[in-house]
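Have the viewer open while you read.

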Amino acid sequence: MGMGEPMLNMKEVLEAHRCLNKDILIGQRMITISTVGVPNTIKKLASYKLQSTLALSLHAPNQSLREKIVPSAKSYPLNAIMKDCRDYFLETRRRVSFEYTLLAGVNDSVKHAIELAELLHEWGRGHHVNLIPFNPIDGSEYKRPSKKSVFAFVSALESRKVTASVRQTRGLDASAACGQLRNEFQKSPLLSGSINQESHSEVALAS
């Protein structure tokens, strides 16, 4: 995750998957392939019958809201994504994890949770929702939801027989949580001069 869109680099992703599984001996079921959703690629991935988890960055229970949060969603209608995810489960028998970042006042209401549950049930079984409270970033229009809102969202899903988990946030107090380090680097990028100086220092120490 966080290193580009796997489905746009599937050949190398499959090779990395083979290496992790066969050479480093990490079980396939311990590996997750995460995607925002690229047309015609989930079906292709399913054809390899991997026993790894597919994680789809959903973030919204309907097409119009998803387009506002995920710009690339315009090229991949939600119904098409859900069909491909259902087919992935039927082909591999591995459930799909739907990643859902909770944004205060945007997609975190009980109404959204109910709509999400209805969407998932419409497309059958074999799913899990991974809820991710947004990590605050300076200058972002989005805010982190309250614990009360997160709990209400989870309760609404579970009462409708949708399994859900909330990702534990680590490093929030040091601005080192998911998405925050990149933002800090963008605000204060390393100077090329300092990189060269550090390289020279390392060479000196090595010699």
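What covers the buried residues of α5? Keep that in mind for point 2; a reminder before we start is that this is a predicted model.

1. Let's begin with the helix itself. α5 runs over residues 110-122, and at 1.5 Å a residue its 13 residues should span 18 Å. Just past the helix, G124 has a positive phi of about 90°.

2. Now for the packing. The buried residues of α5 are H112, A113, L116, A117, L119 and L120. Looking down the helix axis, they fall within an arc of 160°, so they line one face of α5. The general rule behind this is that an α-helix has 3.6 residues a turn, so residues three or four places apart point the same way. As for the opening question, the cover over the buried residues of α5 includes helices α3 (63-69), α4 (78-92) and α6 (147-158), along with strands β3 (96-102) and β4 (127-133).

3. The face of α5 turned away from its buried side carries K111, E118 and E122, which are exposed.

4. E99 deserves a click. This residue sits in strand β3 and, because its relative accessible area of 5% is under the 20% cut-off, counts as buried. Leaving out residues up to four places away in sequence, E99 touches A55, L56, S57, L58, H59, N130, I132 and R167. Take H59 from that list: E99 and H59 are 40 residues apart in sequence, yet their C-alpha atoms are 6.5 Å apart in space.

5. R167, also on that list, is the salt-bridge partner of E99, with the closest N and O atoms 3.1 Å apart. The pair links distant parts of the chain, since E99 belongs to β3 while R167 is in the loop between β5 (164-166) and α7 (180-187), 68 residues apart. Whereas E99 is buried, R167 is partly exposed at 30% relative accessible area.

6. How many salt bridges does the structure hold? The count is six. Another one to look at joins E91 and K49, where the closest N and O atoms are 2.3 Å apart. E91 lies in helix α4 and K49 in the loop between α2 (42-46) and β2 (53-57), so this pair ties together parts that are 42 residues apart in sequence. Both ends are partly exposed: E91 has a relative accessibility of 38%, and K49 has 48%.

7. D23 forms a salt bridge with R18, their closest N and O atoms being 3.2 Å apart. D23 is partly exposed at 48% relative accessibility, and R18 is partly exposed at 35%. Salt bridges with shared partners join E15, R18 and D23 into one network.

8. Last, a surface feature. L20, I24, I26 and M30 make a nonpolar patch of about 380 Å². M30 is in the loop between α1 (10-23) and β1 (32-35). With a relative accessible area of 68%, M30 is exposed, because the cut-off for that class is over 50%.

Notes: Residues numbered from 1 in each chain as written. Predicted model: local features only at pLDDT ≥ 70, side-chain atom pairs only at ≥ 80, totals over all residues. Heavy atoms only, no water. Helix = DSSP H or I, 4+ residues; strand = E, 2+ residues; numbered from the N terminus. Expected span 1.5 Å × (residues − 1). Buried < 20%, exposed > 50% of the residue type's maximum accessible area, 1.4 Å probe, protein only. Arc of directions from axis to C-beta. Contact = heavy atoms within 4.5 Å. Patch = residues over 30% accessible without salt bridge, like charges linked within 9 Å, V, L, I, M, F, W, Y side chains within 5 Å. Areas by Shrake-Rupley, 256 points an atom, 1.4 Å probe, with all protein chains shown as cover. Salt bridge = Lys/Arg side-chain N within 4 Å of Asp/Glu carboxyl O.
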